[in-house]
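The sequence and the structure come first, and the discussion follows.

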Amino acid sequence: MKNKYIKNIAFIDGQNLHIGTLQNRWKVDFSKFRIFLRDQYCVGTAYYFLGYLSDISQEIGKNLQRFGYIVVYKQHGFYMKTTKKGNVDTDIVFEIMKNLIDNQNFDKIVVVSNDGDYKKVIDYLITK
């Protein structure tokens, strides 16, 4: 059973997941969500993208790492550090494409989001 889950990779847009569940008055149990991704979608590696770097997001990131996520923070330039919108869409698309090129050791990619920003890359992944 050891390598059963290693083949799929998840990319999670943290801000979209948060906003989407908040709108429906849900609260995500990230430990259970990680288990769900593993058991339901055979996800071995789960990248969780956080946009806004603050003390709160750093604490959230530590908890996510404890649950088995790889946390990726949005890199902001010096002048962007005061803005609260941390758009990670481009970072996620880049990482997906990088995995397609560099990492041939996976079967499927799972994308967790709350909008259509990833439609083009999803359409491409489906053809592959």
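Leaving aside its neighbours within four places in sequence, which residues is F33 in contact with? In this predicted model, F33 is in contact with I12, L17, V28, Y69 and V112 once those neighbours are set aside.

F33 is also among the residues with the most contacts inside the largest nonpolar core, a group of 14 residues in which I12, L37, A46, Y48 and Y69 are likewise listed. At least two residues of this core are supplied by each of β1, α2, β2 and β4, and β2 gives the largest share, with four residues. Apart from this core lies another, of 12 residues, which includes I9, I92, F106 and I109. In soluble globular proteins, nonpolar side chains tend to be buried together.

The elements named above have these boundaries.

| Element | Residues |
|---|---|
| β1 | 8–13 |
| α2 | 30–41 |
| β2 | 43–50 |
| β4 | 108–112 |

The protein chain holds five helices and four strands, which follow one another from the N terminus in the order β-α-α-β-α-β-α-β-α. Of its 128 residues, 34% count as buried, and the accessible surface comes to about 8,800 Å², with 55% of that belonging to carbon and sulfur atoms. Among contacts with a separation of 6 or more, 71% are between residues 24 or more positions apart.

N8, which lies in strand β1, counts as buried because its relative accessibility is 8%, under the 20% cut-off. Beyond its neighbours within four places in sequence, N8 is in contact with Y41, C42, V43, G44, T45, D107 and K108.

Methods. Residues numbered from 1 in each chain as written. Predicted model: local features only at pLDDT ≥ 70, side-chain atom pairs only at ≥ 80, totals over all residues. Heavy atoms only, no water. Buried < 20%, exposed > 50% of the residue type's maximum accessible area, 1.4 Å probe, protein only. Contact = heavy atoms within 4.5 Å. Areas by Shrake-Rupley, 256 points an atom, 1.4 Å probe, with all protein chains shown as cover. Core = buried A, V, L, I, M, F, W, Y, C linked by side-chain atoms within 4.5 Å.
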